[in-house]
Amino acid sequence: MAKKGTEGAVFEHSVETPHIRAEPSQDLKLESPTRSLIMEAPKGIQVSAAAGDLKATCRKELHLQSTEGEIFLNADSIRLGNLPLGSFPSSSSPSSSATRQTIYEICICPNGKLYLSPAGVGSTCQSSGNICLWS
């Protein structure tokens with residue numbers, strides 16, 4: 001049974017439907033303010049925003065998981081914001097301390113955490129560096 005309010009419909013139990021859409025010129029919002037929101041389908045789920053942005057936000061962790069395939073990111077640019085800057089050996093640092101570092105490499109720890117390291121002639125990534133040791 002659905003309750004309809006000023007914010008839309010509220011469902012007390014599971015909902016099964018082949019199509020969900022917002023009214024023209026209205027936003028579509030699926031939310032579960034106190035519990036989980038689960039979408040399941042045996043042949044896949046498609047979410048598209050043909051004329052705008054698609055945004056997923058959460059308070060703690062956002063998991064993208066594929067158990068038998070891949071996660072494919074296809075865009076003109078892919079930005080990873082707020083990656084921490086790791087430390088690197090002083091022998092790999094630029095010879096002039098006045099030189100401003102503008103090129104970095106993306107490094108990955110054994111636990112999957114990403115961080116930036118100043119690019120050098122060789123890789124400056126260290127799996128035992130300060131970033132990887134922090135939990």
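A salt bridge is taken here as a side-chain nitrogen of Lys or Arg within 4 Å of a carboxyl oxygen of Asp or Glu. The structure is a predicted model, in which local features need pLDDT of at least 70 and side-chain atom pairs count only at pLDDT 80 or more, while totals for chains, interfaces and linings use all residues. Residues are numbered from 1 along each chain as its sequence is written, and side-chain values use heavy atoms, with hydrogens and water left out.

**View 1. The salt bridge of lysine 29 and glutamate 31.** A search of the whole structure finds one salt bridge. It joins the side chains of lysine 29 and glutamate 31, with an N to O distance of 3.6 Å. Lysine 29 is exposed at 64% relative accessible area, and glutamate 31 is exposed at 53% (buried means under 20% relative accessible area, exposed over 50%, partly exposed in between; 1.4 Å probe, protein chains only).

**View 2. A nonpolar surface patch that includes leucine 28.** Ile20, Leu28, Leu30, Leu37, Met39, Ile45, Val47 and Leu54 form the patch, with about 770 Å² of accessible area together. Patches are made of residues with over 30% relative accessible area and no salt bridge; like charges are joined within 9 Å, nonpolar side chains (Val, Leu, Ile, Met, Phe, Trp, Tyr) within 5 Å. Accessible areas come from the Shrake-Rupley method with a 1.4 Å probe, and for residues only the protein chains shown count as cover. Leucine 28 is partly exposed at 49% and sits in the loop between strand S2 (8-11) and strand S3 (104-108). Helices (H or I, at least four residues) and strands (E, at least two) are DSSP runs, numbered from the N terminus.

**View 3. The disulfide of cysteine 107 and cysteine 125.** The S to S distance is 1.9 Å (a disulfide is a pair of cysteine sulfur atoms within 2.5 Å). Cysteine 107 lies in strand S3 and cysteine 125 in the loop between strand S4 (114-118) and helix H1 (130-133), so the pair ties together parts 18 residues apart in sequence. The link is left-handed, with -75° about the S-S bond. Cysteine 107 is buried at 1% relative accessibility, whereas cysteine 125 is partly exposed at 31%.

**View 4. The disulfide of cysteine 109 and cysteine 132.** Here the S to S distance is 2.0 Å. Cysteine 109 is in the loop between S3 and S4 and cysteine 132 in helix H1, 23 residues apart. The S-S torsion is about -90°, so this disulfide is left-handed. Both cysteine 109 and cysteine 132 are buried.
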